[in-house]
Amino acid sequence: RKQVDELRKELEQMTSGRAPKPEMLARGSDLTNIAYNCNVYVKGNCIVTQAKTVMSWDTIFAALAPTMMNEVSEDQMRATLAARIGDNALKDVAEQHKQAHAVRDIVISPVSFNTIKMHFRAMGYIRKGVSVGPGNQLTWQLTPQGDQYMMGLLAVRRQP
C-alpha cells in the first residue's frame, strides 16, 4: 500500500501542471491544417507537389481511433491518416493543378503528424504504448478516455 501511494504521488508530480488543460485546446469541429506531399497525375505526367488539407479534430480522431484500439506503430497511424486525406486530396491539389486526375503516395509532413499526435496526447485520448514498433519507433494506443470519446463519436444514433 505504501508503494502504491508513493507511485501515485510520483505520477501526480510527473503529470501536474505540465500539459495544457484540455478545455483550452482545440477540439470537435475546430479545424486544423495538415500539410503533405503527394504525387499528382496530370495528363499522364507525375508531379511531386506540396499540398494541405483542412480537417476537424473529430474527423482526424474518427479516422485514427479505431485502428488504435490496440497498439499501433507510427507508420500505421500515418498510413491510416494518409488514406483519409486521400479521400479529398484531388480537391486539395485542384487549384495548383487544374487538370489533375489522380493523387497517390501521400506523405504527411512530420510537423503536421507530430502536432496531431501530441494534440491527442494532450487531450488525454492516446498514450505511448509499451511495445516498440518496426525500426524501434513508438507505438500508440487509445486511453480509456479516448476509447469513450471514440464510441461517442462513431456510434450510430437511433433516429427519432
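## Sheet, helix pair and core

Strands E5 and E6 pair in the antiparallel sense over four bridges, where pairing requires that DSSP finds at least two bridges between two strands; helices (H or I, at least four residues) and strands (E, at least two) are DSSP runs numbered from the N terminus. The model is predicted, with pLDDT of at least 70 needed for local features and 80 or more for side-chain atom pairs, while totals for chains, interfaces and linings use all residues. Residues are numbered from 1 along each chain as its sequence is written, and side-chain values use heavy atoms, without hydrogens and water.

Val132 has Leu138 of E6 as its bridge partner.

The axes of H2 and H5 (lines fitted to C-alpha atoms over the stretch in contact, with angles from 0 to 180 degrees between N-to-C directions) come within 12 Å and cross at roughly 90°. H2 and H5 are therefore roughly perpendicular to each other, a term covering 65 to 115 degrees. Their contact (heavy atoms within 4.5 Å) is made by Trp57, Ile60, Phe61 and Leu64 of H2 and Ile116, His119 and Phe120 of H5.

The largest nonpolar core has 34 residues, being a set of buried (under 20% relative accessible area, 1.4 Å probe, protein chains only) Ala, Val, Leu, Ile, Met, Phe, Trp, Tyr and Cys residues joined through side-chain atoms within 4.5 Å. Among those with the most contacts inside this core are Ile60, Met68 and Phe120.

Note on methods. Buried means under 20% relative accessible area, exposed over 50%, partly exposed in between (1.4 Å probe, protein chains only). Angles under 35 degrees count as roughly parallel, over 145 as roughly antiparallel, 65 to 115 as roughly perpendicular and the rest as oblique.
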